[in-house]
Amino acid sequence: MSVERTTAAGGMETSYGFRKVGAGDKQSLVNDVFHKVANRYDLMNDLMSGGLHRLWKDAMVAWLNPPKRAGWKVLDVAGGTGDIAFRIIEASHRHAHATVLDINGSMLEVGRDRAEKKNLSENTDFVEANAEALPFDDDTFDAYTIAFGIRNVPRIDVALSEAFRVLKRGGRFLCLEFSEVDMPLLDKAYEAWSFNAIPKIGKAVTGDGEPYSYLVESIRKFPNQQNFAAMITRAGFDRVTYRNYSGGIAALHSGWKL
């Protein structure tokens with residue numbers, strides 16, 4: 001495919017999938033996508049990863065290794081349905097407190113309902129806000145997590161700077177995101193599946209294939225592993241590294257505020 005990925009220099013802020021949009025226009029378009037898919041969010045990720053997102057999320061929480069003590073706080077950004085937050089709380093033996101932040105109220109509504117059903121309401125807060133302007137004081141959280149959400153943020157550099165700001169010294173940044181496949185045969189098969197099958201399946205299941213077209217296009221435009229790691233470093237983080245999953249279909253990036 002001839003479409004070029006964006007780089008550490010930027011470009012996602014005016015990229016709505018393969019469409020170039022005006023500065024400031026992307027956020028409302030992305031919001032509309034997630035209003036449409038909020039109730040089918042897990043299904044969406046199942047379609048886009050063949051169900052592997054569940055294993056990758058488990059691996060993310062295992063690498064985070066939240067302590068089993070009270071007072072430890074994590075901010076999970078773009079995590080409205082609570083998928084990552086609930087895993088972290090359970091991994092801490094229900095000692096951790098998670099603040100789930102999302103710009104999309106429909107996603108947060110799903111998360112609140114799920115928290116009640118899991119008896120995790122006391123361990124969670126749900127905040128509707130923008131990742132580019134976090135409504136928290138400096139040095140508030142022990143960890144910041146974001147899974148399959150950073151590529152939907154228009155100004156990724158601003159979001160990374162905000163992540164650095166709200167973390168305590170010694171705090172951990174973890175970002176799980178679809179990335180660039182590094183296996184020649186797998187990349188062709190994955191691209192064919194993504195662009196030909198996923199939108200059609202999404203339309204058959206939900207009645208609307210357009211959100212799925214945007215999501216697979218946004219994966220193809222997102223910076224590759226090295227470029228995204230460079231952006232994390234530029235935001236001030238130290239010991240920046242990443243792990244590839246499933247040949248690079250997804251990558252988990254880590255950084256520390258030291």
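Student: How many helices and strands does the chain come to?
Tutor: The secondary structure amounts to 9 helices and 9 strands. Please keep in mind that this is a predicted model.

Student: And what radius of gyration does the chain have, next to a compact globule?
Tutor: The chain has 17 Å. A compact globule with 258 residues would have a value near 18 Å, so the two agree. Along the principal axes, the C-alpha atoms fill a box of roughly 50 × 40 × 35 Å.

Student: What share of the residues counts as buried?
Tutor: Of the 258 residues, 54% count as buried. The chain exposes about 10900 Å², and carbon and sulfur atoms supply 50% of that area.

Student: Let us turn to the sheet. In which order do the strands stand?
Tutor: The open sheet has 7 strands in the order β5-β4-β3-β6-β7-β9-β8, with mixed pairing.

Student: Which strands stand at the edges?
Tutor: β5 and β8 (238–245) do. Each has a single partner strand, so one side of each is left without a neighbour in the sheet. On average, neighbouring strands are turned by 15° against each other, direction ignored.

Student: Which helix packs on the sheet, and which strands does it touch?
Tutor: Helix α5 (residues 105–117) packs there, touching β4 (97–102) and β5. The direction of α5 makes about 170° with that of β5.

Student: How do β7 and β9 run, and how many bridges join them?
Tutor: Strands β7 (residues 167–178) and β9 (residues 250–257) run antiparallel and are joined by 8 bridges. Within this region, Gly 171 stands opposite Lys 257 in β9.

Student: What does Ile 88 touch?
Tutor: Leaving aside residues up to four places away in sequence, Ile 88 touches Val 61, Leu 64, Pro 66, Trp 72, Val 74, Ala 96 and Thr 145.

Student: One last topic: which loop holds Ala 78?
Tutor: Ala 78 is in the loop between β3 (73–77) and α4 (83–91). Its phi is near 60°, a positive value in a residue other than glycine. Ala 78 counts as partly exposed because its relative accessibility is 23%, and buried would require under 20%.

Student: Where does Asp 139 lie, and what is its phi?
Tutor: Asp 139 lies in the loop between β5 (124–128) and β6 (141–147). Phi of Asp 139 is near 55°, again a positive value in a residue other than glycine. With a relative accessible area of 41%, Asp 139 is partly exposed.

Technical notes
Residues numbered from 1 in each chain as written. Predicted model: local features only at pLDDT ≥ 70, side-chain atom pairs only at ≥ 80, totals over all residues. Heavy atoms only, no water. Helix = DSSP H or I, 4+ residues; strand = E, 2+ residues; numbered from the N terminus. Buried < 20%, exposed > 50% of the residue type's maximum accessible area, 1.4 Å probe, protein only. Pairing = 2+ DSSP bridges. Axes fitted to C-alpha atoms, helices over the stretch in contact; angles between N-to-C directions. Contact = heavy atoms within 4.5 Å. Rg over C-alpha atoms; globule rule 2.2 N^0.38 Å. Areas by Shrake-Rupley, 256 points an atom, 1.4 Å probe, with all protein chains shown as cover.
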